[in-house]
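Biologist: Could you walk me through this fold, one step at a time? I am new to reading structures.
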Amino acid sequence: MAQPINPFEMALKQLDEVAKLIKLDSGMHQVLAHPKRVLTVSIPVKMDSGEIKVFTGFRSQHNDARGPYKGGIRYHPQVTIDEVKALSMWMTWKCAIADIPYGGGKGGIICNPKEMSNGELERMTRRYAYGIADIIGPYTDIPAPDVYTGGKEMAWIMDTYSALKGNYVQPEVITGKPLPIGGSLGRNEATGRGLSFTVREAAKKLKINMKNATVAVQGFGNAGQFASQLVEAQGATVIAASDSQGGVYNKAGISISALRKHKEKTGSVVGFAGAKSISNEELLETDCTILIPAALENQITSKNAKNVKAKIVAEAANGPTTPEADEVLFKNKTLVIPDILANGGGVTVSYFEWLQNLRREYWTEDEVNQKLDKNITKAFLDIYKTHEDYGVNMRKASMVLAVNRVVEATKIRGLWP
């Protein structure tokens, strides 16, 4: 049985490659290779049965040269400290690419939220918030939702933090909140919307007519649903979709709105009328124009990359493509829009939410979407230019851009000679 790929080793390998490319000072390289702080907390929770169960939670803060730490909190049985460290590093690069004044952070709890009641989730979330309260804050570290967390959990964290730290409501401590307590319009679909803007720009560069384009999406959660819906709105036809239960395929096209209704009703895309069943592995190798991996890490590897037929791979998930697979795709002239660019819409609108909270001034959905379009389009064009200038794939180009921006901020602040 193959050993699982360590995401932190993968993140370090990406940094090593860029360090060589830009001749990064070895000391600075070492600084960027280590998170500034990683906190592990024990979270005792009284379960509905009356027993006490202790969960383990993490918060990794990678780099704050450009501003406060920013990054999601995920609930998943396979959360590890190395995964959280890797994701916090990727968040540093993501914020630098989007050119927003944040550094990278990430959190997680090892748990299976699907097997927990709402009450158990609330007690666990509040204990976790209590455990990390001393290292987060509106100007220090601003968490957000991630895998299997959402507005509900963010509201609990905001409430716990506000009670602990000031006896007044502090919506600016966290983003991804429900609208009535300071959430931003457009936040829920921001990751998918941002990805759709990058796909639009990539299609222009590759001279692909979106009306003739076909799409396969692996992972029909929030980001996958909105991304496929918004790419469909540009004229493309979605022909395959999957979730953790399995996948469906119809060469003639799948209506995203109908598939969403089916998933809401049954809990999965499996069994969608008029479509045949395919596995997640088969979906990645589907003959399509655009592939959107929106599930978990390490889905496209050296083993299956040669079978990927898509012209554009737009990564809604974090780290779905291994470095070895990147090289194969680059040689095969597949344009990979890397996660740190493609799913940057979420953190960009999180930044907009934070600004609105700090100012207690709220924007319309159109204003949010226009600002997002402008921001993500600029980021795509900056990276595409770097990709052409250096003759490297888009991930290396995005890393070059990000690392250079973080190094520049570090030097300007006088944190490095």
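Modeller: Happy to! One term to start: two strands pair if DSSP finds at least two bridges between them. Please keep in mind that this is a predicted model.

Biologist: In what order do the five strands of the open sheet lie?

Modeller: The sheet is open and its pairing is mixed. Neighbouring strands are turned by 20° against each other on average, ignoring direction. Read across the sheet, the strand order is 1-2-4-3-5.

Biologist: Which residue in strand 5 is the bridge partner of Lys70?

Modeller: Strand 3 (residues 69–76) and strand 5 run parallel, joined by five bridges. Within strand 5, the partner of Lys70 is Ile142.

Biologist: Which helix packs on the sheet and touches strand 1, strand 2, strand 3 and strand 4?

Modeller: The direction of this helix makes about 145° with that of strand 1. The helix spans residues 118–132 and is helix 4.

Biologist: Why are helix 4 and helix 5 called oblique to each other?

Modeller: The axes of helix 4 and helix 5 (residues 151–165) come within 9 Å, and their crossing is right-handed. Angles under 35 degrees count as roughly parallel, and 65 to 115 as roughly perpendicular. The two helices are therefore oblique, as they cross at roughly 45°.

Key:
Residues numbered from 1 in each chain as written. Predicted model: local features only at pLDDT ≥ 70, side-chain atom pairs only at ≥ 80, totals over all residues. Heavy atoms only, no water. Helix = DSSP H or I, 4+ residues; strand = E, 2+ residues; numbered from the N terminus. Axes fitted to C-alpha atoms, helices over the stretch in contact; angles between N-to-C directions. Contact = heavy atoms within 4.5 Å. Parallel < 35°, antiparallel > 145°, perpendicular 65-115°, else oblique. Left-handed = near helix turned anticlockwise from the far one by under 90°.
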